[in-house]
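Try each task before you read its solution.

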Amino acid sequence: NSTALGVNRIEHSTMARPDQVERMKMLNVQPSFLMNHVRLYGAAYRDQIFGPERAAFMDPAAACLKAGMPFTLHTDAPCSPPGPLALISTAVTRRCIIDKSVVGPDQAVSLDDAIRAVTIHAANQLGQGDRVGSLEKGKEADFTILETDPYKVSPDDIATIKVSETWVAGQQKFAA
């Protein structure tokens with residue numbers, strides 16, 4: 001497994017430029033995006049700090065896909081709220097919840113790609129892809145059961161889906 005030791009990564013990578021995305025790929029370094037920058041601060045980044053053009057490329061997930069490079073999503077809890085479903089929703093919609101605007105729609109990714117960013121790609125970045133990150137024979141069976149299918153709701157509503165159960169190494173650890 002080429003990721004058995006983990007992957008060199010750059011945390012946040014929020015304001016990475018297109019040339020830096022290409023350089024990361026060339027160096028086999030992967031970004032991890034704090035998608036709460038878009039969710040909570042996107043309007044401020046666009047309107048007060050960086051301007052519309054630079055803010056449109058913040059947390060450039062779609063650029064990574066175009067370059068053929070995996071990326072992950074994370075939070076800085078307690079500095080910003082935890083919650084992979086909110087990260088997934090934001091990666092798909094690019095919605096800033098402060099003013100409901102869409103910041104950088106060209107950097108939106110599919111639901112499948114956003115889910116991979118918090119599961120298998122995250123496990124690979126940490127050198128744990130052989131144990132966790134996907135449901136496969138021989139892996140530890142870490143998973144959550146959601147009350148609603150994220151593929152059957154509006155992408156904006158993914159963040160509000162409730163978790164019914166959490167299983168770790170095949171053992172139930174949480175039940176609603």
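A polar contact is a pair of N or O atoms within 3.5 Å. Keep in mind that this model is predicted.

**Exercise 1.** Find which backbone oxygen lies 3.0 Å from a polar atom of the Ser 13 side chain.

*Solution.* Start by locating Ser 13, in the loop between E1 and helix H1 (18-26). From its side chain, look for the backbone oxygen 3.0 Å from a polar atom: this oxygen belongs to Ile 10. Next, follow Ile 10 across the sheet, where its bridge partner in E2 is Pro 31. Pro 31 is also one of the residues that Ser 13 touches, along with others including Met 24 and Asp 59.

**Exercise 2.** Decide whether Ser 13 and Arg 94 are buried or exposed.

*Solution.* The cut-off for buried is under 20% relative accessible area. Ser 13 has 9% relative accessibility, so Ser 13 is buried. Arg 94 has 0%, so Arg 94 is buried too. Arg 94 sits in the loop between helix H5 (84-93) and helix H6 (111-118), and a polar atom of its side chain lies 2.7 Å from the backbone oxygen of Met 58.

Conventions. Residues numbered from 1 in each chain as written. Predicted model: local features only at pLDDT ≥ 70, side-chain atom pairs only at ≥ 80, totals over all residues. Heavy atoms only, no water. Pairing = 2+ DSSP bridges. Helix = DSSP H or I, 4+ residues; strand = E, 2+ residues; numbered from the N terminus. Buried < 20%, exposed > 50% of the residue type's maximum accessible area, 1.4 Å probe, protein only. Polar contact = N/O pair within 3.5 Å; in protein donor to acceptor, adjacent residues only side chain to side chain. Contact = heavy atoms within 4.5 Å. Lists of a residue's contacts leave out its neighbours within four places in sequence.
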